[in-house]
Amino acid sequence: SPRSADLDYGLLEYAVRLKNTYAEIAESGPAIQALQQRFGIDRSAAELRDGISVEFPSNNELMSVVARDHDSGVAATIANAVSALLIEEAQRSRNAREFMIEQIQPAIPPAQPDLAPLVIVIALGVIASLGAGLTFALIVDSTDNRLHTPDHIAKLVQLPILANIPRIGRRARKGCCNGSTPAGESFRQLRTNLTLLRNGDTPKTIIVTSAEPGEGKTLVAANLAYSLSQLGRRVLVIDADLRLPTLHTIFNVENRVGLGNVLHEQATLEDAVAVSSSHNLHVIPSGSSAANPADLLSSTQFHALLQRLAERYDAVVIDSPAYLAVADANILTRLADAVLFVVRCAWSNRHSVQSAYGQMALADAPLLGVVANGTGRNRSYAYYRKRYSKMPDA
């Protein structure tokens, strides 16, 4: 359904995670046990787990259940059984969330190969593939509203690209990127460009936001703060996403006390500040959930708190909620010295990015530039690193 500014933020985040949840369920212990007992599949748990996967074809909302076995008939039985289990799971939780799963095509063992002459089959296949490929390319080009490259992003919003962050694996997202990796080098580039844009002076208060959830703003905020701290500066990173906080998971700090508690006068600032593994980097998690985040962030207490923190630290990086989801980000961007706009390649919607940029420009937010997240591999960095590793020690 069309995205809008009043979309349920929690439901949107739930939908983003739902597919991955079902993929985990398909390979879980209870599912494997059900395949053995209810469906009578004579395979060990390890064989079943290794042979089952759930894939997500691009540009649609389908899930493809894949089962591998030396017997094609058994493989089809496993795939259909897993599909049935996922449908049952969706039906059990349907009252809580309005999502459902249906099977649109069962798994069927392959039939005997066609006996038509091989040359004719290949010729027809090539012709059909070319025609289908051309048709598909035209359809995708006319209907795909995603921004695939940093150049597409720069042309749309007329802002400089401050850094191209390569795709980061799921494990690496659980912590800050090391400086010796391509991602770590990209965040150093972001740090350098921020300084150059301000004539050698890093902005004091930096807001990191995106048009919609799932574009990597929290990852960028955490790694930018970490990169700044590596210069010996005192840096503070704040989780101002009081609705769906995740910053504390990256820095592995507790989230019992944080920004929400300080603004509610339930805790002192000293109670809320946590020290990360990098001693120059401090973290204020979101703390207890707040019923009125926008009111808290608009309060005079929050303004005064930011002023106090700007005096204590060399840089304050704030992880903001997605701009179009809730009003919180609009409030935060008016309080910052600089705003970084995170856009995820091959994910972000053109109309959403344009809408968020237009609203920030209308509010006169101090937009410095765009961080292009999820770009391709940096071949130049790989070349230099390979050459450097071969140099003899001095």
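**Exercise 1. Work out how helix H2 and helix H4 are arranged in this predicted model.**

Step 1: Find the two helices. H2 covers residues 29-37 and H4 covers residues 72-92.

Step 2: Look at their axes, which come within 10 Å and cross at roughly 125°.

Step 3: Name the arrangement. Angles of 65 to 115 degrees count as roughly perpendicular and those over 145 as roughly antiparallel, and H2 and H4 are therefore oblique to each other. The crossing of H2 past H4 is right-handed.

Step 4: List the residues that meet. H2 brings Ala31, Ala34 and Leu35, while H4 brings Ile78, Ala81, Val82 and Leu85. Sorted by class, this contact has seven nonpolar residues, with no polar and no charged ones.

**Exercise 2. Check the length of helix H7 and find what its buried residues pack against.**

Step 1: H7 runs over residues 182-197, which makes 16 residues. At 1.5 Å a residue, H7 should span 22 Å.

Step 2: Compare this with the model: the end C-alpha atoms of H7 are 23 Å apart, which agrees.

Step 3: Pick out the buried residues of H7, among them Phe187, Leu190, Arg191 and Leu194. The buried residues of H7 pack against strands S3, S4, S9 and S10 and against helix H8.

**Exercise 3. Decide: is Ser320 buried or exposed?**

Step 1: Locate Ser320 in the loop between strand S8 and helix H14.

Step 2: Ser320 has 0% relative accessibility, so Ser320 counts as buried.

Step 3: See what surrounds it. Leaving out residues up to four places away in sequence, Ser320 touches Ile207, Val208, Thr209, Lys217, Ala329 and Leu332.

Definitions and conventions
Residues are numbered from 1 along each chain as its sequence is written. This is a predicted model: local features need pLDDT of at least 70, side-chain atom pairs count only at pLDDT 80 or more; totals for chains, interfaces and linings use all residues. Side-chain values use heavy atoms; hydrogens and water are left out. Axes are lines fitted to C-alpha atoms, for helices over the stretch in contact, and angles run from 0 to 180 degrees between N-to-C directions. Helices (H or I, at least four residues) and strands (E, at least two) are DSSP runs, numbered from the N terminus. Angles under 35 degrees count as roughly parallel, over 145 as roughly antiparallel, 65 to 115 as roughly perpendicular and the rest as oblique. A crossing is left-handed if the near helix is turned anticlockwise from the far one by less than a right angle, and right-handed if clockwise. Contact means heavy atoms within 4.5 Å. Ala, Val, Leu, Ile, Met, Phe, Trp, Tyr, Cys and Pro count as nonpolar, Asp, Glu, Lys and Arg as charged, and the others, Gly among them, as polar. The expected span of a helix is 1.5 Å times one less than its number of residues. Buried means under 20% relative accessible area, exposed over 50%, partly exposed in between (1.4 Å probe, protein chains only).
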